[in-house]
Amino acid sequence: MSAAARPMRGRAGTPDARAGVLGVIRPRTRWREFWLLVLVGITLTIGSVSLNATVVAADAEQGAALPAGALAPYRGGLLLVYLGALLAAHLAQVLAGRRSDQVLLPAVGMLGGISLLLMSRLPQDLAGQFGGLARTQLIWLLIAVALTAVVAVVVRSDRWLRLYKYTWAAAGVGLLLLTFVAGREVNGQRLTLDIGPLSGQPSELLKVILVVFLAGYLSENRALLVEQSTRVGPIRLPPLPYLAPMAAMWAIALGVVVVQRDLGAALLFFAVFLVLLYIATARWSYVVIGLVLFLAGSWLMYNLFGHVKDRVDIWIDPFADPRVAGYQIVQALYAFGRGGILGTGLGNGLPVVAGRLPIPLIHADFPLAALGEELGLIGILAILGLYLVVIERGLRIAASAADDFRALLAAGLSLVVGVQAFIIAAGNLKLVPLTGITLPFVSYGGSSLVANAIVVGLLLALSDRGVEPPPPPQRTAGRFRRLIDRGAA
Amino acid sequence: MDGISLSLWLLRLLFLLFLYLFLLAVVRVLVRDLRAASREPEAELGRLQVVASPGGEPRAGTVLALDAITTLGRDVNNTIVVDDQFASSDHAVLTFRGRTWYVEDLESTNGTYVNGTPVDGVSPLGYGDELQIGQVRLRLDRARR
């Protein structure tokens, strides 16, 4: 038996001949992405002009005519640089000739642009090392866009993700333990890790690693998880031995995260774990068992840990202590209330109380409250709609993926972003207890933007439909016909 | 409402309007994409890639589309004819039930192997698994869509 005929793994159903074709890279136009990006640019420019006019009108005296410069974009340089970066990412993909998704980049680019508008509108001394909030956010956005483009263009094979799933898992756990040992405490949570001048929150990166590991493990053992079962008396339970490594990974992640008091990340990891298990097996029993475990764990944590109890109590009745414990939630609810349906307009909301914004962490934990006030119900519905678009694209990529690993990876990556957005959105709206995770692509912060950029880049890479199929045979047929005709003549 | 606040109000609404225009454009692309996907003819259920075939029939490297019930063996009446001297005339059958492929050994002389382990009766077959019949090795792949 010769092993020479073994074709490449990773791309299903393609013969070896493809290796030669892969070398040739031809630019390929992406007009759909281009026009959507143009629309993003127009929308953000209008938003910026609206913001500028509001700010100028507020500065001008009551009843006076608007100064001449009122209709320029607000801090247009920042916006211009950002839009240029999006265009560059688009051009990079055009030149690389990938046949990947054309909706993801504009949708995510719009969210990033709204983030930039919000950050340039907030007081600049809230945070930021490089000359203010907006400038720092712009630098991180540029890094994120560049990272997305690089991952989307460079990643052509999923072998390095697929083969080393246990290595990835080990790296993730190591990262968490490192944070626990060497991390710095910020706002009562030990989440931040300093490496030289850089500081970041590893749990953001960990969510990507967790999805990669779960996708690798589940795709390998899918058939076993579906077919086998452990019998305990009359009850058919899932095959426990095959769940052990996964449950261990989950327990380690969850345990460390709970010790670090990062409830949002714990909730996110658990949700993604359950969703991927269900996608891989289509067995409701897993979901039911998972939810029961979740309820039991929540009850236990509520009674064991003071900080969990505090969070839940604040959630149930923030008005019990509206000046200290429930302060942020109460102020966020007021902000949503002030916004109403149409919003107060960019630059018109967020009244300053005693020289400070009512919500101290508005740029990190409550960007949705700020947007809800200034853009209203209509505005945040559109923003939540953009997250739905990201989820839909991810599931669509998963549905047309060539094998189980790629399908699970695409579904997991898009859902991790979507679930995170909805956890923090629901937290801001007092639908679930507030947890300190970021709103993907919108919140201020480098590690969140970088991790989500990697997610988008991987989704783009996974959505690539490979080398173009050979052109339809009409031309050759025509040439044949001509030859035959010539022969007949 | 004076002229300035009216124009500010209109500018605000224009931003929201364009936000929704963008969302509409995106949703149109998505709907078109889904329509196009559903118009495609009923996709095949899976495919077998011939990894190694010393006998030359089926040829190594060929990709065979699978029916919901696909029989393999040396007999010419099989869906996939495996012309190998170690294959039985009715060697094995692949069936697609629910969402999973199963392989059943039809009491062949030399047995059917999945990833190197012999199949006893019926066994589930995952995408990427390697099936061996005689000296012929085949890999089950997901259908391309």
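Predicted model: local features only at pLDDT ≥ 70, side-chain atom pairs only at ≥ 80, totals over all residues.

Reader: OK, how many helices and strands are in chain A?
Author: Chain A has 17 helices and five strands. Both are DSSP runs numbered from the N terminus: helices are H or I with at least four residues, strands are E with at least two.

Reader: And what share of chain A is buried?
Author: Of its 489 residues, 45% are buried. Buried is 20 or more other C-beta atoms within 10 Å of a residue's own, exposed is 12 or fewer, and partly exposed is in between, with C-beta atoms placed from the backbone.

Reader: Is helix 4 of chain A buried or exposed?
Author: In helix 4 of chain A, 18 of the 18 residues are buried, so the rest of the structure largely encloses it.

Reader: How do helix 2 and helix 3 of chain A cross?
Author: The axes of helix 2 (residues 31-59) and helix 3 (residues 76-96) of chain A come within 11 Å and cross at roughly 175 degrees. Axes are lines fitted to C-alpha atoms, for helices over the stretch in contact, and angles run from 0 to 180 degrees between N-to-C directions. The two helices are therefore roughly antiparallel, a label for angles over 145 degrees.

Reader: Switching to chain B. What is the strand order in the open sheet?
Author: The five strands of this chain B sheet run 4-3-5-6-9, with mixed pairing. Strands pair if DSSP finds at least two bridges between them.

Reader: Which strands stand at the edges?
Author: Strand 4 (80-81) and strand 9 (122-125) of chain B do; each has a single partner strand, so one side of each lacks a neighbour in the sheet. Strand 4 runs parallel to strand 3 (residues 69-73) of chain B, joined by two bridges. B:Leu72 is opposite B:Ile80 of strand 4.

Reader: Where is B:Asn115 found?
Author: B:Asn115 is in the loop between strand 7 (112-114) and strand 8 (117-118) of chain B. Its phi is positive, about 50 degrees, although it is not a glycine. B:Asn115 counts as exposed, with 11 C-beta neighbours inside 10 Å.

Reader: What about phi of A:Lys430?
Author: Phi of A:Lys430 is also positive, near 60 degrees. A:Lys430 is partly exposed, with 18 other C-beta atoms within 10 Å.

How values were computed: Residues numbered from 1 in each chain as written. Chains lettered and ligands numbered in written order. Parallel < 35°, antiparallel > 145°, perpendicular 65-115°, else oblique.
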